[in-house]
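Visitor: I would like to learn how to read a structure like this one. Could you take me through some features, one at a time?

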Amino acid sequence: MIELMRELYPIPRSLTGDGVRQTLARISQEVPLEVAEVPSGTQVFDWTTPKEWNVDEAWIAGPAGERVVDFADSSLHLLGYSVPVRTRLPLAELRERVFTHPHNPDWIPYRTSYYTENWGFCLSQRQLDSLPEGEYEVSVATRLEDGHVTYGEALIPGETEDEFLLSTYVDHPALCNDNLSGPVLLTALGQELARRGLRYSYRLLFSPATIGPLCWLWQNRDRVDRIKHGLVASCLGDPGGMTYKRSRRGDAEIDRAVAIVLRDSGRDHSILEWFPYGGDERQFNSPGFDLPVGALSRTPADKFPGYHSSGDDFDLVGAEWLEHSLQTYLAVVEALEGNRSYVNASPYGEPQLGKRGLYRSVGGGSSEEGALLWTLSLTDGSMDLLAIAQRSGLPFRAIREAADRLLEHDLLRAA
Amino acid sequence: MIELMRELYPIPRSLTGDGVRQTLARISQEVPLEVAEVPSGTQVFDWTTPKEWNVDEAWIAGPAGERVVDFADSSLHLLGYSVPVRTRLPLAELRERVFTHPHNPDWIPYRTSYYTENWGFCLSQRQLDSLPEGEYEVSVATRLEDGHVTYGEALIPGETEDEFLLSTYVDHPALCNDNLSGPVLLTALGQELARRGLRYSYRLLFSPATIGPLCWLWQNRDRVDRIKHGLVASCLGDPGGMTYKRSRRGDAEIDRAVAIVLRDSGRDHSILEWFPYGGDERQFNSPGFDLPVGALSRTPADKFPGYHSSGDDFDLVGAEWLEHSLQTYLAVVEALEGNRSYVNASPYGEPQLGKRGLYRSVGGGSSEEGALLWTLSLTDGSMDLLAIAQRSGLPFRAIREAADRLLEHDLLRAA
Amino acid sequence: MIELMRELYPIPRSLTGDGVRQTLARISQEVPLEVAEVPSGTQVFDWTTPKEWNVDEAWIAGPAGERVVDFADSSLHLLGYSVPVRTRLPLAELRERVFTHPHNPDWIPYRTSYYTENWGFCLSQRQLDSLPEGEYEVSVATRLEDGHVTYGEALIPGETEDEFLLSTYVDHPALCNDNLSGPVLLTALGQELARRGLRYSYRLLFSPATIGPLCWLWQNRDRVDRIKHGLVASCLGDPGGMTYKRSRRGDAEIDRAVAIVLRDSGRDHSILEWFPYGGDERQFNSPGFDLPVGALSRTPADKFPGYHSSGDDFDLVGAEWLEHSLQTYLAVVEALEGNRSYVNASPYGEPQLGKRGLYRSVGGGSSEEGALLWTLSLTDGSMDLLAIAQRSGLPFRAIREAADRLLEHDLLRAA
């Protein structure tokens, strides 16, 4: 995942444009994507898709004519969606067009102006301070014109048409944790899922934030009831503990599954109630759709150092954290794949486990049978295995294994 | 409010009689009251209205003939509802007819004997101790005879016939916090409400405790379903924090409104679950009526020093505390007036706030939109604005203002 | 109860056999029991009743021919359900057939092998260590043959056929707390209940663990809906606080009753949520029956020192703890006998308690009327007296007495 991140890092992504296309093309080499293009000016619910933005070049030349800032060095240098400009202006006026990081003098901030026409540059405070007085030349050679919003999706089919939606955003430029970590994790997850036999169909969505999910929801507005579970993937490469933000419903099956997986992990983690700001979960959870989509991250965006600046680089993220995030996503997949409701097929008295080799034969106490006994006790049709794992306090995996053994012995049947 | 309290203080109030009439007449100069008189001996649910009690004079003369105790000095001196007596008796026997304060030797206690015929005097312990041995003359010239229970009410009409009941008791003699604070607060509240455009109609009830609300409920027993919210006002002038006692239902709209108002105040306060002793809320919340009526006080009766004694005087209460209590009542009125249920009119995806000037246009993070986003997220018809304020943790006022802005932009509609 | 325990202690009990019969015969002298015998090999739900096991003799003789271990000294010495054997073997091989206590070198452990054919002895570690090298002679003269599972029950009839089931197990050999305390407590409880007028019928069940309740449930499978409440009695003689394990339902009337009784006791106690291991409550709470049967003990089995060993002796248990346990069971009986739902017969306003002598006539504050007022306030048909005791925080006894006084005055009626 780190290697793919290194390849994607220099591509100049924004909300629209060739950077998004190149990113999707590279991902498509790993997980074949179906790429959709929605024309600029399309009415999408309450929104109108924006013009497409591409950058030919953008730079500032100093009093002596030398390039002091160049988009070619870092795509962070240009205010996203800057309109074209070619002008000369004194340092004092240039300063009014420059954004720096409020806390760290070495970081270039990441700023955009998607829905208001504007232009500007982003520099580190140290770089800004080093600029000598004098007249500067500015060139912003961008094209903001009718084009498309571009997104890509992959469907990994399972036994049923019920879908597990995994969504991430691909509009951020050279920023590792927020959010190249999301696309590389979903890419690796998609590769792994394609190797497995699955009950659910898995839909991977790589799209520009906000407008991307809105376009996808618009295109699929008659089919969203296929989405049974969903997660928005972002900020998955830093060393912090896992953070889960519940869906608006709060107690959907995805919410219960992630809570059990994080509990069973034995690692520090946080579970947050729904709140209506944050990432793309906002669109999926809007009250008209009310889809059971949570957000599973490590340290939430804006809580880690370097957030939305050049400080969000390869020093912040680690292959081991990406791998742990991937394993956590896979554990959630396994919990939902394995979650079923069963009914005790021998409900009058406790079945005799001993004669089936399910019980230690010499008395004296044992706790190994706990998962078998909890499963038999609670499979009255009112609880699924996640609920049994919750009430018993036992790991989901132990309950799932107990259910498998009981099924083998005809002591459970499907609810 | 303090000035009105000073005027009402010397009027010799009791459960019935001219003291109540004079009190209502004085209040009526500020808020016109409709005064009702229920004849003695009327069957009111399980109760029979008592005889009317008036005091012509009541005094004790000492061995030397001097008046040592006189009702004219303080209406607290006479045991409420004392029957007439004219007698001479030695100090030892007089002592058996005298009540003093159990803890404070300087305070005259307030005692009554409404439903058992009796007579007696209330003195400070210090005064009692100073009485010389000898024979005393006692005169209790009271009239306990058929008359009326008197109460007053004012209706401040609003757009609807749904009523908000505000009730207080007017039977206590010269006691400031418990309970002249109640009538003076409701008087000021009535004056303020009469100046406002209102959705609810507001009914102010000034009546003797217990029997007054019972008489009012009896007279209005076919119309009590108009009462949508109610508060019993008492003990509102001391420096303690606000105390709210929930209605018997516990989660009525009035309960949720007061809880949010007190939370939003940022001040120390207490919220108590329902209990069936206390004040007139007992009658309104009796299971046959089960009205949503809470009790909103500062320090509860019997928890402040001087309770039911001459220690409950103008040193205990303060104009600033009365004013704060009034503002709190007004905030509850505003919360209930403003509480509505709406439905998000653009529920598919988040509406684009930016194009309506409701969103900061340059990215980089902001929390100002929180109230807008929470309101849009939760207006699915299942929650009113109080519930949204509760779940979001944001002030009710912020949610109400957000709803107003969204209504202006046709992003909400009535549920 | 201690005296009966001393008589029962030496009887060599096991899952089946004459030890159980002798135990039931002795109890029958106190509370007449109906004894049932279920033949070996009977299919009972998922189980088959075992062969009956009786011991003629069992001993180990040392190299010098002396008896070093003898079942006649303690019925703990023989692994329960040991199959017959007569052999000679060196100490090293004998050691493989010997169980000792893992923590205490002086205690003989209690071990069984009911459902796997095996033989062995139980010794204290100290005794094992003292055995000299050499050849040992072993005699296990047991009979494991077709016979019966034996249990006894008594029905103490009440006004209704609704039953309160009290169940304990009688298969443990010379062990005081776990579980002679159970049978002696139920015996004393039965004697006391037989002296009382009762609303419920009380069924006492004395049976071997697991297979006993299964046999009883099998025989009564068409009548189990008569069981309205139930408790499994065990471990009731040690000095620890009372421990209640809720029924699987968690909020059955028995669960609420025991919780209130323990709360009202003012003593330290524990209330545990349902878990599907433990004692005979497992069978009654299996999802097919789902009976409201909790388990009321002092220190739970396996939490007190000496559990399942010779350390569970007369030094561990005390007459005063047995007596306190009995009083607790009786308090639960009284709570359930007295728990009813009533409706306030004078629900409009508070009834005038004073005219009925139920209220202090001179004002000035009192809390004595609390139980009357709580009962009047909450008897709207939705709550029984246990629920009123729970919500009011007042003792159940006070609420029951208040209800009785209100019934006398026609202020309540049956719901």
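Visitor: Which side chains meet A:D46 or B:K355 in a salt bridge?
Guide: A salt bridge is a side-chain nitrogen of Lys or Arg within 4 Å of a carboxyl oxygen of Asp or Glu. Here the side chains of A:D46 and B:K355 meet each other, with 3.8 Å from N to O. Between chain C and chain A, C:D46 and A:K355 form a salt bridge at 3.8 Å, N to O. This is a predicted model, where local features need pLDDT of at least 70, side-chain atom pairs count only at pLDDT 80 or more, and totals for chains, interfaces and linings use all residues. Residues are numbered from 1 along each chain as its sequence is written, chains are lettered from A and ligands numbered from 1 in the order in which they are written, and side-chain values use heavy atoms, with hydrogens and water left out.

Visitor: How many salt bridges cross the interface of chain B and chain A?
Guide: The rule finds 4. It also finds 13 residue pairs in polar contact there, both residues at pLDDT 80 or more. A polar contact is a pair of N or O atoms within 3.5 Å; within protein, one must be able to donate a hydrogen and the other to accept it, and residues adjacent in sequence count only if both atoms are side-chain atoms.

Visitor: What area is buried between chain B and chain A?
Guide: Buried area is the accessible area (1.4 Å probe) that two parts lose on being put together, summed over both. For chain B and chain A it is about 2000 Å², and carbon and sulfur atoms give 48% of that. In chain B, the residues losing the most area to chain A are B:Y348, B:E350 and B:Q352, together 30% of what that side buries.

Visitor: How is chain A superposed on chain C?
Guide: Copies are fitted by least squares on the C-alpha atoms of residues with pLDDT of at least 70 in both. A rotation of 120° with 0.3 Å of shift along its axis does it, at RMSD 0.1 Å. The two copies are therefore related as by a three-fold rotation axis. In chain A, the C-alpha nearest that axis belongs to A:D251, 13 Å away.

Visitor: Which rings does A:K245 lie over?
Guide: A charge sits over a ring if NZ of Lys or CZ of Arg is within 6 Å of the ring centre and within 35 degrees of the ring normal. The charged end of A:K245 sits over the ring of A:W274, 4.6 Å from its centre. A:K245 also lies over the face of A:F275, 3.8 Å from the ring centre.
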